[in-house]
Amino acid sequence: MRAPDPAAVRTAAWVARCVGRGENAPLHADDLAAIARFVQPRAVKAGAVLFHAGSRPEGVWIIRNGTVELTVGSGARRVAVALLHPGDVDGDIQLLLGMPPPYTARAVDDVDALYLDGSAFDGLLSAHPAIARRWLTSVAGRTSGSQNRILELLGANLTEQAARLLLAEAEPQTSTVHLPQQVLSAMLGVQRTSLNKVLRDLEREGVIELGYRAVRIRDADRLAKYAHRP
């Protein structure tokens, strides 16, 4: 069966890389205390959908426990473009821009989340200027970080590009990139066969380990050298 359009995968992956990663999430404990009356706790069962691709943006999700998969396509054509973990945020950029999400969010396991519907989100930013500045600074920082990672890939050979992408997308706790090669190749704008050759070379040298829909970094220092990073 034909895979999803690589252009659609690239678009979804770009937006996914702009949402909050754990270290850049805009809400800390003191913020949560200040906005407790705005947020709603949400328990999402494994396999349930938080929102669908192309739907009207309705609210902001903040993941507290569990994992959420962001996917493009459906059925056998469904591919993951990113995973959300505790501390990650999604939906705020889409709400601010009034654009539909380019991916579907589905709970991989049971998820404990906080939810801000659109009106509550607007009310929060209007009533608390300090939190609004912090939140918008976070949005700008996340977007800028994604742009910088893309710019880093320009002008580099494929091995350098692959090494930089793996370092940027790896989960700190597991040193693993939970994205299939189809998505990684779409994000780099190259053929999957070309990327697979580079990854196989890195695996033979003991730098990475290839698994099912995942790449584990075994030697981050050596991978950083391939990426030409200090």
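1. Let's start with Leu136, which sits in helix α5 (residues 129-153); helices here are DSSP runs of H or I with at least four residues, strands are E runs of at least two, and both are numbered from the N terminus. Leu136 is partly exposed, at a relative accessible area of 43% (buried means under 20%, exposed over 50%, partly exposed in between, with a 1.4 Å probe and protein chains only).

2. A quick word on what you're looking at: this is a predicted model, where local features need pLDDT of at least 70, side-chain atom pairs count only at pLDDT 80 or more, and totals for chains, interfaces and linings use all residues. Residues are numbered from 1 along each chain as its sequence is written, and side-chain values use heavy atoms, leaving out hydrogens and water.

3. Now the sheet. It is an open one of 4 strands, ordered β2-β7-β4-β5, with antiparallel pairing (two strands pair if DSSP finds at least two bridges between them). At the edges you'll find β2 (49-51) and β5 (79-84); each has a single partner strand, so one side of each has no neighbour in the sheet.

4. Which strand does β2 pair with? The partner of β2 is β7 (residues 104-107), and the two are antiparallel, joined over 2 bridges. Look for Val49, which stands opposite Arg106 in β7.

5. Last, have a look at Asp201 in helix α8 (residues 192-204). Asp201 is partly exposed, with 26% relative accessibility. Between Asp201 and Thr159 there are 42 residues in sequence, and their C-alpha atoms are 9.4 Å apart in space.
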